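Me: I would like to learn how to read a protein model feature by feature. Please give me the general idea each time, and then the case at hand.

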Amino acid sequence: MKNSNQSLPRTGEGIVIDIGTGGGRFVSAMAKRDPNKFFIGIDANVKPLEKPSMRATRKPNKGGLPNVMFVQAAVEDLPEEFDGVADEIHVHFPWGSLLRAVANGETIILQALRRIAAAECQLEIVIGIDPKRDRAELTRLGIESISDNYLSVLAEKYTRAGFAIKEHGELDRSTWLALETSWAGKLRSSSDRKVFFLIGRAV
């Protein structure tokens, strides 16, 4: 999608944006449940978007989802069409540079998320960390061990970027396993993995 000065129109019961959507499982599942909302899955990697994009464009009676769009874009360079349109923003089990950005509260990324948020937009961040299995990646990304104290400091960074954090903490296993994401399924066998969350709203 090319940048323009035109924003997406308001539609139905709101616009939901999933950052780092991967194969789009969350977007596709939620779009079926909430046909009156419009769902946008964004990922920097175009390859995993190909199959869900093709499925979404089928006729509705063949499994198509007219309330879904997939876009290849880096979070720091989101299309201008998305400015101020998101009623919900979700970031589930990010990895690589996106994990580093949300777990460290990088200003440029938080500002990019705030730019696409509508008034009162709900923000949900879910981070799955295994301090033993993921040690090398966490060290490479410069991410500290996450704890309640760490989340409190991180919440302050989100607040400064325009998101008031209402809740944060550790998700219980049954809750994060129920998330409609590919990573939740892949991590099912990891019984000791800790999963943390932040929930806030744009202010």
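Me: Why does E137 count as buried?

Reply: Burial is read from the relative accessible area: buried means under 20%, exposed over 50% and partly exposed in between, with a 1.4 Å probe and protein chains only. E137 is buried because its relative accessible area is 16%. This is a predicted model, where local features need pLDDT of at least 70 and side-chain atom pairs count only at pLDDT 80 or more, while totals for chains, interfaces and linings use all residues. Residues are numbered from 1 along each chain as its sequence is written, and side-chain values use heavy atoms, with hydrogens and water left out.

Me: Where is E137, and which residues does it touch?

Reply: E137 is part of helix α5, residues 135-141. Helices (H or I, at least four residues) and strands (E, at least two) are DSSP runs, numbered from the N terminus. Contact means heavy atoms within 4.5 Å. Setting aside residues up to four places away in sequence, E137 touches W95 and G96.

Me: How many helices and strands does the chain have, and what share of its residues is buried?

Reply: There are eight helices and seven strands, and 50% of the 203 residues count as buried. The accessible surface, from the Shrake-Rupley method with a 1.4 Å probe (for residues, only the protein chains shown count as cover), comes to about 10400 Å², and carbon and sulfur atoms hold 49% of that. For contacts between residues at least 6 apart in sequence, 78% join residues at least 24 apart.

Me: What should I look for in a nonpolar core?

Reply: In soluble globular proteins, nonpolar side chains tend to be buried together. A core is a set of buried Ala, Val, Leu, Ile, Met, Phe, Trp, Tyr and Cys residues joined through side-chain atoms within 4.5 Å. Here the largest one has 45 residues, and I17, I19, I42, I89 and Y158 touch the most other members. Strand β5, residues 117-129, gives the most to this core, with six residues. A second, separate core of eleven residues includes M30, A31, A56 and L65.

Me: Which residues of α1 are buried, and what do they pack against?

Reply: The buried ones in α1 are F26, V27, S28, A29, M30 and A31. The buried residues of this helix pack against β1, β2, β3 (68-72) and β4 (86-92).

Me: How is a pocket found?

Reply: Rolling a probe the size of a water molecule over the atoms shows where empty space is left. On a 1 Å grid over the protein atoms alone, probed at 1.4 Å, a pocket is an open set of points with protein on both sides within 12 Å along at least five of seven lines, and lining residues have an atom within 4 Å of a point. The largest pocket here has about 580 Å³ of space, a volume filled by probe spheres set on grid points that are joined across faces, edges and corners. It is lined by 32 residues, and those closest to its centre are G20, T21, G22, D43 and L98.

Me: Which element gives the most to that lining, and how is the lining made up by class?

Reply: Helix α3 gives the most, with four residues. At least two residues each come from β1 (15-19), α1 (25-33), β2 (38-43), α3 (96-104) and α8 (182-186). By class, the lining has 15 nonpolar, ten polar and seven charged residues; Ala, Val, Leu, Ile, Met, Phe, Trp, Tyr, Cys and Pro count as nonpolar, Asp, Glu, Lys and Arg as charged, and the others, Gly among them, as polar.

Me: Where do T21 and L98 lie, and are they buried or exposed?

Reply: T21 is in the loop between β1 and α1, and with a relative accessible area of 9% T21 is buried. Beyond its neighbours within four places in sequence, T21 contacts V27, G41, I42, D43, L49 and F70. L98 belongs to helix α3 and is also buried, at 13%. With neighbours within four places set aside, L98 contacts I19, G20, V75 and V91.
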